[in-house]
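Please have the model open while you go through these notes. Each point can be checked on screen.

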Amino acid sequence: MTRTLLTLAEVEALAREAHAAQTDKAGRPYAEHLQAVAEGVHDRGGDDEQIAAAWLHDAVEDDALSEDWLTEAALTNRTKAIVLALTKREGEPPESYAKRIRTTPGALLVKASDLAHNADPARLAVLDEHTRARLTKKYASMRALLGLAP
């Protein structure tokens with residue numbers, strides 16, 4: 001028996017619900033970040049599997065959804081692999097994280113969209129100077145490890 005896969009609208013609704021209580025560093029609803037990453041993936045030519053992964057890219061890392069949920073979810077194996085590739089592991093060196101993203105088909109485009117939104121000057125402008133400088137350096141370092149243009 002073949003399971004029907006979740007639609008993008010269903011994935012979006014799940015992600016919004018899972019992150020409903022969460023805010024970003026500027027105090028904005030976290031779903032705004034997820035939406036921006038998903039739109040960025042679409043605008044960069046990503047497919048539905050990558051867009052679904054964009055909606056879910058922080059869900060396991062942030063404990064909004066469990067890895068067990070992801071394993072059992074009605075998603076393609078590729079979408080699940082992208083989400084897991086983008087899930088940082090405790091104590092993992094940035095180089096290992098970047099390598100996993102680079103070697104997982106479809107993950108680099110999602111991470112590029114994530115970094116683009118995270119490093120958006122308008123988004124960073126509302127943060128204090130120390131946090132803004134720390135994050136700017138962090139995002140630039142990850143872009144370099146991923147082989148993305150500055």
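1. Start with a pair of side chains. K111 and D114 are joined by a polar contact of 3.1 Å between their side chains. Keep in mind that this model is predicted.

2. The side chain of K111 has another polar partner to look at. That partner is the side chain of Y97, at 3.2 Å.

3. Where does K111 sit? It is found in helix α7. Is K111 buried or exposed? Its relative accessible area is 5%. Buried means under 20%, so K111 counts as buried.

4. Now look at what surrounds this lysine. Leaving out residues up to four places away in sequence, K111 touches L86, K88, Y97, I101, M142 and L146.

5. Turn next to the open space in the model. The largest pocket has a volume of about 640 Å³. It is lined by 33 residues. Closest to its centre are K25, K88, N118, K138 and Y139.

6. Which elements give two or more residues to the lining of the largest pocket? They are α2 (30–43), α6 (94–103), α7 (107–118), α8 (121–124) and α9 (129–146). The largest share comes from α9, with 6 residues. Helix α7, where K111 is found, is on the list as well.

7. Finally, check the make-up of the pocket lining. By class, 13 of its residues are nonpolar and 13 are charged. Another 7 are polar.

Technical notes. Residues numbered from 1 in each chain as written. Predicted model: local features only at pLDDT ≥ 70, side-chain atom pairs only at ≥ 80, totals over all residues. Heavy atoms only, no water. 1 Å grid on protein atoms, 1.4 Å probe; cavity = no way out; pocket = protein on both sides within 12 Å on 5 of 7 lines; lining within 4 Å. Points joined across faces, edges and corners; volume = space filled by probe spheres on them. Helix = DSSP H or I, 4+ residues; strand = E, 2+ residues; numbered from the N terminus. Nonpolar A, V, L, I, M, F, W, Y, C, P; charged D, E, K, R; others polar. Buried < 20%, exposed > 50% of the residue type's maximum accessible area, 1.4 Å probe, protein only. Polar contact = N/O pair within 3.5 Å; in protein donor to acceptor, adjacent residues only side chain to side chain. Contact = heavy atoms within 4.5 Å.
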